[in-house]
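Subject: Structure for you to look at

Dear colleague,

Here is the structure I said I would pass on. My notes on it follow below.

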Amino acid sequence: MGFEFREVTAEDVEAVRHIWSIVYRRGEPIEPGEEVPRADRLSFVGFLDGRPGAAFSIMPMKVTRGDGTLSCAGVASVAVLPEARNARLGSAFMEWSLGDLRARGYETAALYAYRDSFYRRFGYEVTGRRWQIRCPPDRLPDLEPTLPVRHVTPEEAHLLDRPYRAFARARSGLFLREQSDWINRFGKRPPMIYAAGDPVEAYAWVSMEGSFWDDLPVGEFVWSTPAGYETMLATLRALDINRGALIWHEPSDGPFLLSHMDQGVRVCLDRHTMFRALEVPNALRRLVPESSGEFRIRVDDSHLPANVGPWQVRFGLDGVDVSPAKEADLELGIAAFSQALMGEPSLEVLLHAGKVASHDEAATRAARALLSPRPTILMDYF
Ligand SMILES: CC(C)(COP(=O)(O)OP(=O)(O)OC[C@H]1O[C@@H](n2cnc3c(N)ncnc32)[C@H](O)[C@@H]1OP(=O)(O)O)[C@@H](O)C(=O)NCCC(=O)NCCS
């Protein structure tokens with residue numbers, strides 16, 4: 001079998017439109033005026049014995065790691081034509097993409113898998129905890145709204161930027177959105193957006209589709225202060241007055257699980273994200289240390305041998321220095337490294353779970369300080 005992969009060129013456009021139409025749109029043609037592939041994405045095509053049979057695209061992102069920022073390729077719309085499946089085309093395409101995206105400067109990649117086991121083969125691992133909370137109206141806490149609440153239009157998305165950035169910097173994995181990204185995030189039908197505080201300390205949006213007693217899903221709920229959270233949850237409770245359960249997402253350090261959990265509330269992990277480090281030394285350099293120390297680390301990565309090292313990592317308040325080393329104090333696979341890089345599960349948890357081999361206690365303490373725990377959640381879908 002002969003495989004060939006490349007970025008989509010003008011001559012590939014019809015082929016990738018056909019592939020995505022078959023795999024994602026029940027074969028219905030993509031309208032001539034519809035921008036597919038999208039100009040704000042990078043798209044790729046794969047050939048099996050000279051015939052186009054596969055496609056995927058990436059959403060270029062900058063994501064947070066606390067105060068640090070990582071470049072991240074959001075891998076989307078992975079598709080292999082039915083007649084080309086089970087010939088390793090999809091696997092070879094994903095393997096090829098790792099080196100190609102790394103060469104383009106992406107330090108990490110992220111995706112929502114149809115089956116995690118497929119992407120796990122290429123070094124991706126479930127990272128972060130997106131908790132979906134489904135709370136019946138009579139279990140919603142009766143919180144005091146202390147901030148003014150107002151309705152915000154999608155064009156006023158810039159008002160949401162401040163709490164979103166604070167929320168994103170306190171955690172990991174969040175996409176640093178620009179104005180056009182907000183409009184994409186709201187979706188095709190503009191939702192009702194509520195903001196608490198002036199300047200805004202929290203916001204939430206809901207579509208209000210459905211009728212009396214139907215569950216009420218929240219599109220996104222973000223806060224930067226406790227008063228913002230409490231005022232916004234009180235607002236959502238008021239919106240839910242003639243509806244069923246209120247459904248929303250929180251990261252693992254969200255206030256609901258910390259202080260408001262009650263019988264009858266259902267919590268589950270929902271739409272989990274897989275991350276994969278593509279450029280180990282540069283990703284480490286993007287971290288913003290809160291202390292100083294040094295360690296040597298070896299990262300097993302059969303797909304990207306340039307990541308293996310071992311690496312000597314020296315860090316302080318002025319940054320992180322990474323250079324080749326001969327031996328390692330810690331050894332772990334690329335999947336565990338990707339998790340520890342983002343911070344959830346943290347290096348500490350991975351050590352407890354036996355996912356990391358430690359040969360030196362002091363060096364391991366230093367690594368735990370740099371790769372500190374961080375609730376991780378990506379709130380954009382692609
Ligand atoms: C998923 C997809 C891209 C795989 O492409 P492919 O070219 O058929 O994949 P490959 O031939 O390289 O690999 C197939 C392997 O994946 C396994 N696999 C296929 N479908 C699977 C599934 N639903 N669950 C688990 N494993 C699966 C096969 O058993 C095979 O394993 P093997 O290598 O041990 O034999 C393709 O099936 C597809 O386009 N599916 C529909 C769209 C989709 O779901 N995309 C993913 C969105 S994230």
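Strand 17 (residues 311–316) pairs with strand 18 in the antiparallel sense, over six bridges. The two strands form a hairpin, with two residues between them. Across this pairing, Trp311 stands opposite Pro324 of strand 18. Strand 18 covers residues 319–324 and is hardly covered by the rest: among its six residues, the count of buried ones is zero. Please keep in mind throughout that this is a predicted model.

Seven strands make up an open sheet with mixed pairing, in the order 8-10-11-12-13-7-14. Strand 8 (149–152) and strand 14 (266–269) stand at its edges; each has a single partner strand, so one side of each is left without a neighbour in the sheet. On average, and ignoring direction, neighbouring strands here are turned by 25 degrees against each other.

Within this sheet, strand 7 (residues 131–135) and strand 13 (residues 246–250) run antiparallel and are joined by five bridges.

Helix 6 (residues 226–239) lies across strand 8, strand 10, strand 11, strand 12 and strand 13. With strand 11, helix 6 makes an angle of about 25 degrees.

A proline in strand 12

Strand 12 contains Pro217. Is Pro217 buried, exposed or partly exposed? There are 17 other C-beta atoms within 10 Å of Pro217; a residue counts as buried at 20 or more and as exposed at 12 or fewer, so Pro217 is partly exposed. The C-alpha atom of Pro217 is separated by 6.7 Å from that of Val206, although the two residues are 11 residues apart along the chain.

Helix 1

How far apart are the end C-alpha atoms of helix 1? Helix 1 (residues 13–24) has 12 residues, and at 1.5 Å a residue these should span 16 Å. The end C-alpha atoms are 16 Å apart, which agrees with that expectation. Just after helix 1 comes Arg26, which takes a positive phi of about 50 degrees.

Regards

Conventions:
Residues are numbered from 1 along each chain as its sequence is written. This is a predicted model: local features need pLDDT of at least 70, side-chain atom pairs count only at pLDDT 80 or more; totals for chains, interfaces and linings use all residues. Helices (H or I, at least four residues) and strands (E, at least two) are DSSP runs, numbered from the N terminus. The expected span of a helix is 1.5 Å times one less than its number of residues. Two strands pair if DSSP finds at least two bridges between them. Axes are lines fitted to C-alpha atoms, for helices over the stretch in contact, and angles run from 0 to 180 degrees between N-to-C directions. Two residues are in contact if their C-beta atoms, placed from the backbone, lie within 7 Å.
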